[in-house]
Amino acid sequence: MLLPTTLSMAAAAAIINIWLSLRIGKVRHAAGINHGDGGNDLLMRRMRAQSNFIENTPLALILIAAIEVAGKGGVWLAPVAGIFILGRVAHGLGMDNVKSNPLRTLGAVATMLVSLGLAIVAVLITLGVL
C-alpha cells in the first residue's frame, strides 16, 4: 500500500533533520567543540532544536500513517502534514535567539495543534465516528 503523505512527510523530516544536524556541526566547528555543548549557548539551543524535532516528529508520522492506512486521510492530510513540517522549521530557526522568538512560538504551537488534531482524528477513527 502506497502512503504518499507519510512518505512525503518522512522525506521532508529526513531533510530537516540533516539541516538541523548541519547547523549544529557549523557551531561545533567554529567553536572547536567535539562533544557535548561545551557551555556554548548557541550550540545548546541548536542541539535542543534537533532533539525537540526528534521527540515530536515520529509520533506525527505514526498518526499520519495510521490515518492513511485507515483510508481516512483525504485531501486534508497532506496540508496538515505540511503545516507540521513548516512548524518544525520555524521552531528550529526560532531556537537561535536567546530571547523569545515568534518563530519558535509559532513552530511549537503548530506542532502541538497538528499533533492534537491528528490524535483526535485517530481516536474518532477508532471509535468508528469517522
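Arginine 46 counts as buried, because its relative accessibility is 12% (buried means under 20% relative accessible area, exposed over 50%, partly exposed in between, with a 1.4 Å probe and protein chains only). The model is a predicted one, in which local features need pLDDT of at least 70 and side-chain atom pairs count only at pLDDT 80 or more, while totals for chains, interfaces and linings use all residues. Residues are numbered from 1 along each chain as its sequence is written, and side-chain values use heavy atoms, with hydrogens and water left out.

The side chain of arginine 46 meets that of aspartate 96 in a salt bridge, at 2.8 Å from N to O. A salt bridge here is a side-chain nitrogen of Lys or Arg within 4 Å of a carboxyl oxygen of Asp or Glu. Arginine 46 lies in helix 2 (residues 41–69) and aspartate 96 in the loop between helix 3 and helix 4, so the pair ties together parts 50 residues apart in sequence. Helices (H or I, at least four residues) and strands (E, at least two) are DSSP runs, numbered from the N terminus.

Aspartate 96 also forms a salt bridge with arginine 23, and the closest N and O atoms are 2.7 Å apart. This pair links distant parts of the chain, with arginine 23 in helix 1 (residues 4–31) and aspartate 96 in the loop between helix 3 and helix 4, 73 residues apart. Arginine 23 has 11% relative accessibility and so counts as buried.

Another salt bridge joins glutamate 55 and arginine 48, at 3.1 Å from N to O. Glutamate 55 is partly exposed, because its relative accessibility is 45%. Arginine 48 is partly exposed at 35%. The count of salt bridges comes to 4.

The chain has 4 helices and 0 strands. From the N terminus on, its elements run α-α-α-α. Its C-alpha atoms fill a box of roughly 55 × 30 × 20 Å, taken along the principal axes. Of the 130 residues, 35% count as buried. Among contacts between residues at least 6 apart in sequence, 65% join residues at least 24 apart. Contact means heavy atoms within 4.5 Å.

Two packed helices are described by the angle and the distance between their axes. The axes of helix 3 (residues 77–94) and helix 4 (residues 102–126) come within 7 Å and cross at roughly 150 degrees. Axes are lines fitted to C-alpha atoms, for helices over the stretch in contact, and angles run from 0 to 180 degrees between N-to-C directions. The two helices are therefore roughly antiparallel (angles under 35 degrees count as roughly parallel, over 145 as roughly antiparallel, 65 to 115 as roughly perpendicular and the rest as oblique). Residues making the contact include Phe84, Gly87 and His91 of helix 3 and Gly107, Thr111 and Leu118 of helix 4.

Histidine 91 is found in helix 3. With a relative accessible area of 5%, histidine 91 is buried. Beyond residues up to four places away in sequence, histidine 91 touches Ala49, Asn52, Leu103, Arg104, Gly107 and Ala108.

Leucine 124 is found in helix 4. Leucine 124 counts as partly exposed, at 28% relative accessibility. Leaving aside neighbours within four places in sequence, leucine 124 is in contact with Val129 and Leu130. The C-alpha atoms of leucine 124 and methionine 9 are separated by 22 Å.
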